[in-house]
Amino acid sequence: MKNFVQAGDMLDLVAPSGGVTSGVGVKIGAIFAVAAEDALIGVTFAGAVRGVFDLLAEAHATDQAMAIGDTAYWDNTAEQITKTATGNTAVGVVVATKVSTAVVARVVLTPRVAAGGAAITNITTAAVTGVNGTGNNAASKADVDTAFTAHDTKINAIISALEAAGVIVA
């Protein structure tokens, strides 16, 4: 087929500020890759976006244990895998148990399907004063507000789960 470019497991990327080191993860925009070679800033390098890798991981006395199947997040500041979702990017799934004090996590990379975009804000519902606009209805305002709050909670939980899975980006 004449429009085929490459398989896509390895991409030619341009090294960002600070360059890249072979075997170390790097985030470039919405792309997370493991550098296959060292490269200085601005130099093209090969980066793996699929595969299973042992990557530097956050260690802690009690709260960085990871089980098989846990989402692996990339802490771009510390340049390491973490189980902390907030402020980090989902890059794969843990495929070998990691004890909390271990400094390496075995991760299968799962390329993201969504690029970075505008922040997703919580969905809120305006207070209801009455079905007919005057407050004269069978359900009390408190009942209706409670129902809306329950819906808000469910929708926001769905959004949070999609963000944590790396399907959408906040």
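Leaving aside neighbours within four places in sequence, which residues is Val107 in contact with?

**View 1. Contacts of Val107 in the predicted model.**

**View 2. The largest nonpolar core.** This core has 13 residues, and the members that touch the most others are Phe32, Ile81, Ala105 and Val107. Two or more residues each come from strand E3 (31-35), strand E6 (71-75), strand E8 (89-94) and E9. E9 gives the largest share, three residues.

**View 3. Another core, apart from the largest one.** Nine residues make up this core, including Leu13, Val20, Val26 and Ala39.

**View 4. The salt bridge between Asp9 and Arg50.** A search of the whole structure finds two salt bridges. In the one formed by Asp9 and Arg50, the closest N and O atoms are 3.8 Å apart. Asp9 lies in the segment before strand E1 (10-14), and Arg50 lies in the loop between strand E4 (44-48) and strand E5 (51-56), so the pair ties together parts 41 residues apart in sequence. Asp9 is partly exposed, with a relative accessible area of 40%. Arg50 is also partly exposed, at 41%.

**View 5. The salt bridge between Arg106 and Asp54.** Here the closest N and O atoms are 2.7 Å apart. Arg106 belongs to strand E9 (residues 104-109) and Asp54 to strand E5, and the pair links distant parts of the chain, 52 residues apart. Arg106 is partly exposed, with a relative accessible area of 40%. For Asp54, which is partly exposed, the value is 44%.

How values were computed:
Residues numbered from 1 in each chain as written. Predicted model: local features only at pLDDT ≥ 70, side-chain atom pairs only at ≥ 80, totals over all residues. Heavy atoms only, no water. Salt bridge = Lys/Arg side-chain N within 4 Å of Asp/Glu carboxyl O. Helix = DSSP H or I, 4+ residues; strand = E, 2+ residues; numbered from the N terminus. Buried < 20%, exposed > 50% of the residue type's maximum accessible area, 1.4 Å probe, protein only. Core = buried A, V, L, I, M, F, W, Y, C linked by side-chain atoms within 4.5 Å. Contact = heavy atoms within 4.5 Å.
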